[in-house]
Every structure is written in structure tokens, then in C-alpha cells.
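Me: I would like a close look at the salt bridges of this protein and at the parts of the chain that they join. Please set them in the context of the whole fold.

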Amino acid sequence: ADRPVRLAVYDDASDPETGAQIAERIAASDALLVLGHLLSGVSLQAGLVYRAAGIPAITGSAAADAITAGNHFYFRMIPALGTQGMLIAAYVRDALKIGRTTIIYSDDTYGRTLAQSFAGEYKAGGVIPHLFTYAGKAKDAIQQRWDIITRLAASPNAFVLASRFTARAHRLLRDAPARFEVVHMPPLGAD
């Protein structure tokens, strides 16, 4: 009949290692269900723990394909990242009629998945002149940024797809020379 439910709130600090530690604490508790995590990297790490403990988890925002692949205990409320990449590619190529696209992606599972799925679909009728990896936390991040900007400035008027369109990606495009235009529209990316 009436069974009280207690909500326990945890903070994974958007960090995969912390997320795994939190997941261990949750698995050791009497938890019945997890609502979270926010980010894909954290969800991937925590998902291993939930699967082993047999605790179902539902994310409303983490999109990496690998979160649910092979994990029958993790569910998502949004399309998988690979699907998002294919849909964005079809939209850019077919609806916006943009024939050239540059891809800037984060060097992690999330970025690689988005870039590969976008490129796989887009190449059916479009050209991808540049594919850049961007590791915003790398020691040479500033040099990476300027290398990308220099190459983009040499081939203006290409649409840009950016994975993980965070403050780092905003800085990268903000620093681009004035003659570089992103098809007079903001770059697109998943979630």
C-alpha cells in the first residue's frame, strides 16, 4: 500500500571519477532507482557500477551511445548522440542546403561519436574540408586553438559543427579573424 519514498541528492561535480565514487555510495545504499547523471562521461563511469549492482538509472541529458549499449540498467530520455549527429547532418545538408562543413570535436567519446555520426551521414551529399580535434584542457590548448583558427580563416564560408559547444568552443570561434564567418549563423552541436 503506502510506501514512503525518500529522495537522496548527490553531487557528482560533473567529474567521471567523482561520479563513480558517488555511484559506489548509491549502490551500497538501499536505493531503488537513480535519476541522473547530467554528463555522458560521468554516466559512463557510474553506469558500470549501477549495472553491477542491478540498479536502474535514467538520464535526462547524457547522450553518448555507449551509456545504454550493453547496459540494460541505464536509460535515456533523449536520442542517442549518434542519432543526433545523423539528424544534424541531414538538416544541414538537406534543409539548410549547406554543402561544405567543418567539424570541430572534443577528443573524447562524446566528441568522437558526434563527429563520426555527423560525417557518416553528411558525406552522402556534402564535403567536409576540415576535421579538427580540440582538447580544451590539454597543455597545448592555446596552440591548438590558433592552429584551428588559422586553418578555418584560410577556407571561409564553411559551416561549423562543434561538439561540446562550451565556453572553450565559444572562445575558439570568438578569436577567429573577422573575415571568417560561420555562414552567418551560430555553429550547431548536439545537446
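Reply: Of the 191 residues in the protein, 41% are buried, where buried means under 20% relative accessible area, exposed means over 50%, and partly exposed lies in between (1.4 Å probe, protein chains only). The model is a predicted one, in which local features need pLDDT of at least 70 and side-chain atom pairs count only at pLDDT 80 or more, while totals for chains, interfaces and linings use all residues. Residues are numbered from 1 along each chain as its sequence is written, and side-chain values use heavy atoms, with hydrogens and water left out.

The protein has six helices and six strands, in the order α-β-α-β-β-α-β-α-β-α-β-α from the N terminus on. These elements are DSSP runs numbered from the N terminus: helices are H or I with at least four residues, and strands are E with at least two. Among contacts with a separation of 6 or more, 59% are between residues 24 or more positions apart; a contact means heavy atoms within 4.5 Å.

The salt bridges themselves number four. The term denotes a side-chain nitrogen of Lys or Arg within 4 Å of a carboxyl oxygen of Asp or Glu. Side chains of opposite charge can pair when their charged atoms come close.

One of the bridges is formed by the side chains of Arg6 and Asp30, at 3.5 Å from N to O. This pair links distant parts of the chain, for Arg6 belongs to the segment before helix 1 and Asp30 to the loop between helix 1 and strand 1 (34-35), 24 residues apart. Arg6 and Asp30 are both exposed.

A further bridge joins the side chains of Glu121 and Arg93, with an N to O distance of 2.9 Å. Because Glu121 lies in helix 4 (residues 109-122) and Arg93 in helix 3, the pair ties together parts that are 28 residues apart in sequence. Arg93 is buried, at 14% relative accessible area, whereas Glu121 is partly exposed, at 26%.

Arg112 and Asp107 also meet through their side chains in a salt bridge, at 2.9 Å from N to O. Arg112 has a relative accessible area of 33% and is partly exposed; Asp107, at 46%, is partly exposed as well. Through salt bridges that share partners, Arg93, Asp94 and Glu121 are joined into one network.

A nonpolar core is a set of buried Ala, Val, Leu, Ile, Met, Phe, Trp, Tyr and Cys residues joined through side-chain atoms within 4.5 Å. The largest such core has 13 residues, of which Ala23, Ile26, Val34, Tyr50, Ala57, Ile67 and Tyr74 touch the most other members. Helix 1 (16-27) and helix 2 (40-53) are the elements that give two or more residues to this core. A second, separate core of eleven residues includes Ile88, Ala89, Val92 and Tyr105.

Helix 2 also contains Ser40, which is buried at 6% relative accessible area. A polar atom of the Ser40 side chain lies 3.0 Å from the backbone nitrogen of Ala63. Not counting residues up to four places away in sequence, Ser40 touches Ala62, Ala63, Ala64, Ile67 and Tyr110.

How values were computed
A polar contact is a pair of N or O atoms within 3.5 Å; within protein, one must be able to donate a hydrogen and the other to accept it, and residues adjacent in sequence count only if both atoms are side-chain atoms.
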